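Dear colleague,

I am handing over the structure below, and I would be glad if you could look through it before reading my notes, which follow it.

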Amino acid sequence: HRMNTVITNEEIWRVLATIPDPEFALSIVDLRLVYDVKTDGCDIAFAMTLTSPACPAGGMIHDGVQAALSAMAGAVKVSVELVWEPGWTPECLTAAARTHLGWQPE
């Protein structure tokens, strides 16, 4: 880790956009599973949800987020919190994700 590296929210979002949800083959950002990102120089606090509490890929996604953010130059402490409120629905999808999945709102 480089000393005196300040991590920006933009850098964090760029990293998060590379993390896929294996069920949907879309990033967790496109699925809008990311609720809150905070950084304090080199500490990252992050709140996310899953498409459902029973999501079979939940552990893999959580571990992927933790590993990707921890690997950022300058990252010291990374805390990833899983939250269930507000609950995720397909309406959360970005327009690109809706097109990819062929989902149209009713």
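A residue is called buried here when its relative accessible area is under 20%, exposed when that area is over 50%, and partly exposed in between, with a 1.4 Å probe and protein chains only. Helices (H or I, at least four residues) and strands (E, at least two) are DSSP runs numbered from the N terminus. The model is a predicted one, in which local features need pLDDT of at least 70 and side-chain atom pairs count only at pLDDT 80 or more, while totals for chains, interfaces and linings use all residues. Residues are numbered from 1 along each chain as its sequence is written, and side-chain values use heavy atoms, with hydrogens and water left out.

In helix H1, which spans residues 9–16, the buried residues are Ile12, Val15 and Leu16. They lie on the same side of H1 because they cover an arc of only 100 degrees around the axis, the arc being that of the directions from the helix axis to the C-beta atoms. The face turned away from this buried side carries the exposed residues Glu10 and Arg14.

Among the elements covering the buried residues of H1 are strand S3 (34–40), strand S4 (43–48) and helix H2 (58–70). Leaving aside neighbours within four places in sequence, Leu69 is in contact (heavy atoms within 4.5 Å) with residues including Ile12, Val15, Leu16 and Phe46.

S3 and S4 pair in the antiparallel sense over six bridges, where pairing requires that DSSP finds at least two bridges between two strands. In their hairpin, which has two residues between the strands, Gly41 takes a positive phi near 75 degrees.
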